[in-house]
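Welcome! Here is a short briefing to read alongside the structure.

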Amino acid sequence: MFANAFAAISAAMLGLAAGALWMLPTAYLRSSLPWLAVPLGALLGWAIAHWVLPRRGAALLAALATLLAASYVSALIAAARLAGNMDMGLIEAMRIAGAGMLWSLMRLSLDVAQLAWFAAGAAVAAWTARRSIGR
C-alpha cells in the first residue's frame, strides 16, 4: 500500500516538474506549444517506467502524469495572461485569482486541437512506459 502511494506521489511530482519545464519555452515563445505533450509524454513514460516502483501500473501513472503536466502548464499560461492583463506579478495573480478562476480561464482557453495533443502525449507516455518495462 505504501509503495503504491509513494509511486503515485512520485509520478505526480514528475508530472508537475514536466509542466514547469514545459512552461519555459511556452513563456519564451509566447505560444501554447501543445505539441510538446508528445515528447514530454515519452520522457515521463521512460522516467516513470525506470524509476518509479512498483512497475505494474507505470503506464497508467505515466499517462496521468502527462495529463497533470498539461493541466499545470495550462493553468500557468492562464495565470501569466491574467498577470499580464492586470499588470501584476505571476504569483500575486495566482494568489488573487484562486484555483477556481484559474481553472475556468484554463478551460476557456483550451480548444479541441490542444486536447488532442494532450491525449496523444498521454498515449505516448503509456506506450513508452509499457515498452520500457517489457525490456
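Helices are DSSP runs of H or I with at least four residues, numbered from the N terminus, and the expected span of a helix is 1.5 Å times one less than its number of residues. The model is a predicted one, where local features need pLDDT of at least 70, side-chain atom pairs count only at pLDDT 80 or more, and totals for chains, interfaces and linings use all residues. Residues are numbered from 1 along each chain as its sequence is written, and side-chain values use heavy atoms, leaving out hydrogens and water.

**The bent helix**
- Helix 4 (residues 90-109) spans only 18 Å between its end C-alpha atoms, while a straight helix of 20 residues would span 28 Å.
- A kink of about 100 degrees is centred on glycine 98 in helix 4; the bend at a residue is the angle between axes fitted to the seven residues ending there and the seven starting there.

**Packing between helices**
- Ala93, Ala97, Leu102 and Met106 of helix 4 are buried (under 20% relative accessible area, with exposed over 50% and partly exposed in between, using a 1.4 Å probe and protein chains only).
- These buried residues pack against helix 3 (58-86).
- Alanine 79 sits in helix 3 and counts as buried because its relative accessible area is 0%.
- Beyond its neighbours within four places in sequence, alanine 79 is in contact with Leu90, Ala93, Met94 and Leu102 (contact means heavy atoms within 4.5 Å).
- Alanine 79 and leucine 105 are 26 residues apart in sequence, and their C-alpha atoms are 8.4 Å apart in space.

**Leucine 43**
- Leucine 43 belongs to helix 2 (residues 37-51).
- Leucine 43 counts as partly exposed because its relative accessibility is 47%.

Terms used:
Helix = DSSP H or I, 4+ residues; strand = E, 2+ residues; numbered from the N terminus.
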